[in-house]
Amino acid sequence: MYGTPLRIILIDKQPYHLRKVFLCVWTFGLLPNPTLRSFGLPLTPDGRIIVDASYRVKGAAGVYSIGDCAHITF
């Protein structure tokens, strides 16, 4: 496998295009970081970022959030 960050060529020579991710928010711990409140992203009352099942932040194209700071809604 070789290529650029946005396009890779697999062993069978078929190109595979990746999606650009403009921002990924990730924290480590048991509670969301209080700094998240200053980002202007949609939050739950306890301070977690609201994301869908694919970790996309609600209403913010190209922004993903994973880890303890994310609250998945279905």
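Mentor: A nonpolar core is a set of buried Ala, Val, Leu, Ile, Met, Phe, Trp, Tyr and Cys residues joined through side-chain atoms within 4.5 Å. Buried means under 20% relative accessible area, exposed over 50%, and partly exposed in between, with a 1.4 Å probe and protein chains only. The model here is predicted, so local features need pLDDT of at least 70 and side-chain atom pairs 80 or more, while totals for chains, interfaces and linings use all residues. Numbering starts from 1 along each chain as its sequence is written, and side-chain values use heavy atoms, without hydrogens or water.

Trainee: Which residues make up the largest nonpolar core?

Mentor: Nine residues do: Leu36, Leu41, Ile49, Val51, Val57, Ala60, Val63, Cys69 and Ala70. Of the 74 residues of the protein, 27% count as buried.

Trainee: What does Ala70 touch, leaving out residues up to four places away in sequence?

Mentor: Ala70 touches Arg48, Ile49, Val51 and Ser65; a contact means heavy atoms within 4.5 Å.

Trainee: Why is Ser38 called exposed?

Mentor: Its relative accessible area is 58%, and the cut-off for exposed is over 50%. Ser38 is therefore exposed.

Trainee: How confident is the predictor on average?

Mentor: The mean pLDDT is 76, on a scale from 0 to 100 for each residue.
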